[in-house]
Amino acid sequence: MTNPPNTASPAIRFENVSRYFGEVRAVDNVSLDIVDGEFFTLLGPSGSGKTTCLRMIAGFDHPTAGTIHLHGREVSGLPPYERDVNTVFQDYALFPHMTVGENVGYGLMVKKTPKAEREKRVEDMLELVRLPGLARRKPSQLSGGQRQRVALARALINHPRVLLLDEPLGALDLKLRQQMQIELKAIQQRVGITFIYVTHDQEEALTMSDRLAVFDHGRIQQVGSPAEVYEHPATAFVAGFVGVSNFVDAKVARVILGQPSSDEPQTFTIRPEKIRLAEPDAPVSEGMCSADGRIRDVVYLGMHTRYVVELELGGELTVVEQNLNTTSMGALAARGRRVRLLWSKAHNQTIVVSR
Amino acid sequence: MAPRSSASPWQRLSSFIYLRPWLLLALLLGPPMLWMVVVYLGSLFALLLQSFFSLDDFTGRVVREFTLRTYASLFTAANFDIFWRTTAMAAAVTLAAAILAFPLAYFMARYASPQAKAALYLAVVMPLWSSYLIRVYAWRLILAKEGVLSWFLDLVGLGGVLEWVLRLPEIGGNSLSFSPIGMFLVFLYVWLPYMIIPIQTALERVPRSLLEASSDLGARPGETFRHVILPLAFPGVVAGSIFTFSLTLGDYIIPQVIGNSSFFIGMAVYSHQGTSGNVPLAAAFTVVPIAIMAVYLVMAKRLGAFDAL
């Protein structure tokens, strides 16, 4: 690289980027800055535009409107092979006719790096992803988790400044996925480059990201750290998509909050783990909200139990309690009991009612 | 559950077969195996057997005794001319077919909309619906001295080019329909579909993400073609070339209708078994294309044609 990296400009900048496929607005006027060196996640349900955004950064797709800057350089019209980013594909996209070593060394091969240096760097990369000595195997001889690591090594060997990961753990089983989450994060800290990670798994997003953007219908709903997004969801969609949330109907909310009916109608969400089950006559102290109801459903989940409580005011709230002293028998016997729900007012997330 | 005795005979037959997988296998494979082994391989074996007999020159009858004399009589200069001419034609047709077929197959596999793909597919195989003989004779008219092709070339002012081509030694001739180059064009026409379809099938099996990965890692389109597309499509090219190569090697009609009546392997087989009644020599001639194909496949394997299968 001839000019020194511009530290003042963000790694990635989206300015009013839109991508239409015919009538469908896959990405709708997105503006976003991603800081150099951060682990940034694009989170959203399928069809929310997150993958299209990633593909536009890689250069596989191009914006209908707006511009994309990579480290201060506009790339909107550049082909993938002229961008300093590499991608780990959802299906890994390993070349089936090449060995693992040839796959990992592909980027160096097209750059005409001398063979001896290439082989050394391939071995270093395989070491980094903890697959030493597998260079001679064919991809078809590897397990899913190993292929995933080969894809990662292949994408990192060119020393890109940004690594794009398109749901790379989607095909792995839960145990392996959790292990790879930790490992990916460790590799990111070791190589110190920007990782942009696409996933629909909110737990994955919360575990790994420095910051994340929540997508819905081609638009960004919220950008922030995992804690911010989880604790202060900006929209009803974010509250529902990131974690589980109870929506409290405006009419019920008014009673619970003791609002005079002349006020602007308001609604809020409350996380199930913030609510406590209490005896029907339990006292309500200052700063607490309460609602009375009857337990309609109990789901015993091992680590915790989920209760669905039908409120006397109408509607229902889900409550999650850790199984501190509860046994499965005890939890299941709670069905049909009258309870008072208590929670701190501070945990209420006020949501703008959009009509 | 219903008692067993109430099951209909059909249900009992189904269960009987279901519980005996070997029986199902035998029922499925029996008829095709019978056909393959008895009719197909049997006739091939009979052919090979014939080639080890010889013809008595005086009586004109086949002597049913093992001998290599018939094979020895293959090795004459005139026969080598025939082998060389046929193999060169087959190789030229195969190469030209691959070069012509690849772009079309690539377009069909990667860019064409489903409707366009169906239309192209139809266009490619439609000629196979009409008689091969009719099409070959039609080409004789197209290529004739007064034919539509030379008329068209004169019209656009390329008549001189045609004359120059026809004056070339070895492949030229009186007119296109009486020259090896005309024969080459007709071979190319009749076998091209057999090259397009396998290549298209092979290209269709290459996921788009592989091409994206290649360009993502810094490869320009030409490099992606060389390192990813071509190696993965190569088994399709080889499959197609087996058709074009072997069909050209064995054909005896096109060299009779088009060209300067110099002999090709298929014509030699035809005349030895027909006019001269020398079935052993005809059989020995037939072994030649089989041997050439075997060499061809070994070479294709060396080139890594089957690595990506």
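Chain A is assigned domain 1 (12-241) and domain 2 (271-347), with bounds that come from an automatic or database domain assignment. Taken over C-alpha atoms, the centres of domain 1 of chain A and domain 2 of chain A are separated by 40 Å.

The model is predicted: local features need pLDDT of at least 70 and side-chain atom pairs count only at pLDDT 80 or more, while totals for chains, interfaces and linings use all residues. Residues are numbered from 1 along each chain as its sequence is written, and chains are lettered from A and ligands numbered from 1 in the order in which they are written.

In the contact between the chains, 19 residues of chain A meet 17 residues of chain B (contact: C-beta atoms, placed from the backbone, within 7 Å). On the side of chain A that touches chain B, E6 and helix H3 (106-110) of chain A are the elements that give two or more residues; helices (H or I, at least four residues) and strands (E, at least two) are DSSP runs, numbered from the N terminus. H3(A) gives the largest share of that side, 3 residues. The classes on that side are tabulated here.

| Class | Members of the class | Residues on the side of chain A that touches chain B |
|---|---|---|
| nonpolar | Ala, Val, Leu, Ile, Met, Phe, Trp, Tyr, Cys and Pro | 11 residues |
| polar | the others, Gly among them | 5 residues |

Helix H10 (residues 208-216) of chain B is largely enclosed by the rest of the structure, because 7 of its 9 residues are buried (20 or more other C-beta atoms within 10 Å of the residue's own, C-beta atoms being placed from the backbone). The buried residues of H10(B) include Leu210(B), Leu211(B) and Asp216(B). Their cover includes helix H1 (50-58) and strand E6 (85-88) of chain A, together with helix H11 (221-250) of chain B. Just after H10(B), Gly218(B) has a positive phi of about 110°.

Methods
Buried ≥ 20, exposed ≤ 12 C-beta atoms within 10 Å, placed from the backbone. Contact = placed C-beta atoms within 7 Å.
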